[in-house]
Amino acid sequence: MRLGRWLIAGVVVLASPALVPAAAQTPAASLAGSDGLGDPYFPRDGNGGYDVAHYEVTLGYDPADHQLTGSTRIDAAATQPLTALNLDYSGPPVRAVRVNNAPAGFESQKPHELVVRPALPLLPGLPFTVTVDYAGTAPDTRGEGWTYAPTGGVFAAGQPHSASTWYPLNDSPRDKATFALHTTVPEEWEVVSGGVRVRDEVRAGFRTVSWEQRHPVIGYLTTVAIDRFDYLEQRRANGTPLLSAFAPGAEGLRQYEEKLPQVLDFTESLYGPYPFDTGGGIFLSVDIPFSLETQTRPTYAAWADLNTVVHETAHQWWGDSVSVQSWSDICLNECIASYTADYLWPERTEGADVDAEYRRTVREMLAKPKFWAVPLEDPGPEKMFTSVYYRGPLFMHALRKQLGDEIFFTALREFATVHAYGNASMRDFRAFVQSKSPTDLTGFFDAWLRGTTPPPEQYLYPGSLRG
């Protein structure tokens, strides 16, 4: 995510009691999956007792009346005996739920829990499906999920939450899954999402478009955008197809997206091969306060520029392929993406003196306690999207000077490769970087990541910055 300029930026098993594991013979209350995965900032996000492999989301939407009809099939496997499980969902009213194609009980609980009670218990290690049918008015969340566009269309975007406003899921970075979306709209409208477009056909006055994410994705990184789009089709030298969509009024942003092949080549040179099979962007004429790294095809606000495109492209490695373990690890996403766009791009493409930029910024901010007050590691849920943007690039540049270019860039590339399509924490990052350095980095990391005052001078001006 980059903030706006004004902000800083089917299996059923029957078994006799003797054959059921001991844990499954305990009272039913103990066989419910937890209603959260214990994220320190959002403890009720995600759900326990199962692991999702794939989402199949089918939508019908009419922009004229905001009516959304949906059916989402979730392919998962139980990780414990289950007589009940939760999904994260806050969209239109649920009409029916089926587990392994059999009707199941369900109950909606605020703020975003859908409790599902299968007719028969689910046993650990076995696959199952949950299908949720829902319909009704899809409310406008204004940038926290399903959002009305001034053009009459709609889009879904928000961080850390978004997906639960338009389909049920296990909404945690820790449970990635593949994703397919099939959307039917009146034929004059277009539908854009992430991944590969595999169907676009018009019949009897309606358009149906299907998109597939073939690499695992987190809920907030999925999206749907419905509008009267114009398209830009490009192709990288290696053959990767790039498809970008521009809502009415966003045509002026085309000049930045035309540079996407160059931006991808640049970012690939830093962090290794592009982790996905397609790319592009969704450009809106909406003045929301952020642009977002929706997987393979970022969502851009009306104020986006080339810096924003570089930032969101860097997120395809840092945030999308390598995702946070917990939201307290947000620096892993934003510190690196911000450094890529604010320092590395101008240095490599324009010859900017980024050492001078670093010294100037530090000099101006040393007397401003608020600049240093929010730690980069574990900034707190209310301050997640603050210091990681404005102080994150300073931390990354100081780390680069502490390590030297060879170790610094090699470590970043190798870390992105080791953790591709998975999760990582800032603790993992610290340990990995330390393994590449002969110098003890404990003091450096603590000062920059956990401190709430300017780091000591040896960490503020390491290496060639000491001059």
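This short talk walks through one predicted protein model, from its overall size down to single residues.

Some ground rules. The model is predicted: local features need pLDDT of at least 70 and side-chain atom pairs count only at pLDDT 80 or more, while totals for chains, interfaces and linings use all residues. Residues are numbered from 1 along each chain as its sequence is written, and side-chain values use heavy atoms, with hydrogens and water left out.

Let's start with the whole thing. The protein has twelve helices and 23 strands. Here helices (H or I, at least four residues) and strands (E, at least two) are DSSP runs, numbered from the N terminus. The C-alpha atoms fill a box of roughly 75 × 55 × 40 Å along the principal axes.

How does the radius of gyration fit a compact globule? For 467 residues, such a globule would come out near 23 Å, and the protein has 23 Å, so the two agree. That radius is taken over C-alpha atoms, and the globule rule is 2.2 Å times the number of residues to the power 0.38.

Now the surface. The accessible surface is about 17,800 Å², and carbon and sulfur atoms own 52% of it. Areas come from the Shrake-Rupley method with a 1.4 Å probe; for residues, only the protein chains shown count as cover. Of the 467 residues, 58% count as buried. Buried means under 20% relative accessible area, exposed means over 50%, and partly exposed is in between (1.4 Å probe, protein chains only).

Look for eight strands in the order 6-5-9-3-2-12-15-14. This sheet is open, and its pairing is mixed. Strand 6 (102-103) and strand 14 (196-203) stand at the edges with a single partner strand each, so one side of each has no neighbour in the sheet. What holds such strands together? Strands of a sheet pair through backbone hydrogen bonds, either parallel or antiparallel. For our count, two strands pair if DSSP finds at least two bridges between them.

Let's walk along it. Strand 5 (residues 94-99) runs antiparallel to strand 6, and two bridges join them. Valine 99 stands opposite alanine 102 in strand 6. Further in, strand 3 and strand 9 (residues 127-137) pair in the antiparallel sense over eleven bridges. There, aspartate 75 has threonine 129 of strand 9 as its bridge partner.

Strand 2 (residues 50-62) also pairs with strand 3 (residues 67-78), antiparallel, over twelve bridges. Glycine 60 faces threonine 69 of strand 3. These two strands form a hairpin with four residues between them, and histidine 66 takes a positive phi near 60° in that hairpin.

On to helix 3, residues 306-314. Eight of its nine residues are buried, so the helix is largely enclosed by the rest of the structure. Among the buried ones are Leu306, His311 and Glu312. What caps the N-terminal end of helix 3? Aspartate 305 does: a side-chain oxygen lies 3.3 Å from the backbone nitrogen of asparagine 307. That is a polar contact (a pair of N or O atoms within 3.5 Å; within protein, one must be able to donate a hydrogen and the other to accept it, and residues adjacent in sequence count only if both atoms are side-chain atoms).

Last, the rings. The whole structure holds 31 aromatic pairs. Rings of Phe, Tyr and Trp (its six-membered ring) pair if their centres lie within 6.5 Å; planes under 30 degrees apart count as stacked, over 60 as edge-to-face and the rest as tilted. Phenylalanine 371 and tyrosine 390 make a tilted pair, 5.0 Å centre to centre with 40° between the planes. Phenylalanine 371 sits in helix 6 (residues 369-372) and tyrosine 390 in helix 7 (residues 387-390), 19 residues apart. Both are buried.

Compare phenylalanine 408 and phenylalanine 409. Their centres are 4.9 Å apart and their planes at 80°, so this pair is edge-to-face. Phenylalanine 409 has a charge over its ring too: the charged end of arginine 348, 5.0 Å from the centre. That label needs NZ of Lys or CZ of Arg within 6 Å of the ring centre and within 35 degrees of the ring normal.
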